[in-house]
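User: Hi, could you walk me through this one? I'd like to go strand by strand and then look at the helices.

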Amino acid sequence: MAAKARILIIDDDDDYRASTRALLEAEGYEVTEVSSGRAGVELARQQKFDLLVVDIMMESPVEGYSVVQALRSAASDEGGDLPIVMVSSVREDPAARFPMAEEMPLITPDAYLTKPLDIPKFLACVKRMLGQ
């Protein structure tokens, strides 16, 4: 039996984390959740995850980008690359909101989705990022 894919959710919204966790666990994934970028970075450095789902706005309006940068920097040093799906209630595309982001691969997520999540689109994105 193949091991379950491990997903880390980083979001300060308790309800969002709980509902997303339930959704992903119902799909057969092993899910861990934390409520801050700092805690997420620490956990991702200590444990192996197959996918990260991170909010943009938590303690700061761009905290999610700090998380992506910290993990991408560590991954490039270690030769690994954690797929990252960024989610936000901000409907404006990150490239429009932060024009420099496209030129900075260390802060660019693999996918960007808006809240509330389109569940079929989110699940398809997760499967794609996990190579399923």
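User: Let's start with pairing: which residue in S2 is the bridge partner of Leu8?

Analyst: That's Thr32. S1 and S2 run parallel and are joined by five bridges. Keep in mind that this is a predicted model.

User: Okay. How many residues of S1 are buried?

Analyst: Five of the five, so S1 is largely enclosed by the rest of the structure. Both of its faces are covered. Arg6, Leu8 and Ile10 are buried on one side, with Ile7 and Ile9 buried on the other.

User: What about Ile7, what's its relative accessible area?

Analyst: Ile7 has a relative accessible area of 0%, so it is buried. If we don't count residues up to four places away in sequence, Ile7 touches Leu24, Tyr29, Glu30, Val31, Thr32, Phe49, Leu51, Val53, Val126 and Leu130. There's also a C-alpha to C-alpha distance of 8.4 Å between Ile7 and Glu33, which are 26 residues apart in sequence.

User: Zooming out to the sheet, what order do the strands come in?

Analyst: The order is S2-S1-S3-S4-S5, five strands in an open sheet with parallel pairing. S2 (30-34) and S5 are the edge strands, each with a single partner strand, so one side of each is left without a neighbour in the sheet. Ignoring direction, neighbouring strands are turned by 20° against each other on average.

User: How many bridges join S3 to S4?

Analyst: Four, and S3 and S4 run parallel.

User: Switching to helices: which strands does H1 lie across?

Analyst: H1 lies across S1, S2, S3 and S4, and runs at about 170° to S2. H5 lies across S1, S3, S4 and S5, running at about 165° to S5.

User: Let's stay with H5. Which of its residues are buried?

Analyst: Phe122, Leu123, Cys125, Val126 and Met129 are the buried residues of H5, which spans residues 119-129. Seen down the helix axis, they fall within an arc of 155°, so they line one face of H5. The face turned away from that buried side carries the exposed residues Pro120 and Arg128.

User: What covers those buried residues?

Analyst: The cover for the buried residues of H5 includes strand S1 (6-10), helix H1 (14-26), strand S3 (51-55), strand S4 (84-88) and strand S5 (111-114).

User: Nice. What goes on at the ends of H5?

Analyst: At the start of H5, a side-chain oxygen of Asp118 reaches to within 3.1 Å of the backbone nitrogen of Lys121. After H5 comes Gly131, with a positive phi near 70°.

User: And H2, which residues are buried there?

Analyst: Gly37, Gly40, Val41, Leu43 and Ala44 are buried in H2 (residues 37-46). Down the axis of H2 these fall within an arc of 170°, so they line one face of the helix. Arg38, Arg45 and Gln46 are exposed on the other side of H2.

User: Last topic, the whole chain. What pattern does it follow along the sequence?

Analyst: Read along the sequence, it goes β-α-β-α-β-α-β-α-β-α, with five helices and five strands in the chain.

User: How about some overall numbers for burial, contacts and surface?

Analyst: Of the 132 residues in the chain, 47% are buried. Among contacts with a separation of 6 or more, 70% come from residues 24 or more positions apart. The chain exposes about 7000 Å², and carbon and sulfur atoms supply 51% of that.

Notes:
Residues numbered from 1 in each chain as written. Predicted model: local features only at pLDDT ≥ 70, side-chain atom pairs only at ≥ 80, totals over all residues. Heavy atoms only, no water. Buried < 20%, exposed > 50% of the residue type's maximum accessible area, 1.4 Å probe, protein only. Helix = DSSP H or I, 4+ residues; strand = E, 2+ residues; numbered from the N terminus. Arc of directions from axis to C-beta. Contact = heavy atoms within 4.5 Å. Polar contact = N/O pair within 3.5 Å; in protein donor to acceptor, adjacent residues only side chain to side chain. Pairing = 2+ DSSP bridges. Axes fitted to C-alpha atoms, helices over the stretch in contact; angles between N-to-C directions. Areas by Shrake-Rupley, 256 points an atom, 1.4 Å probe, with all protein chains shown as cover.
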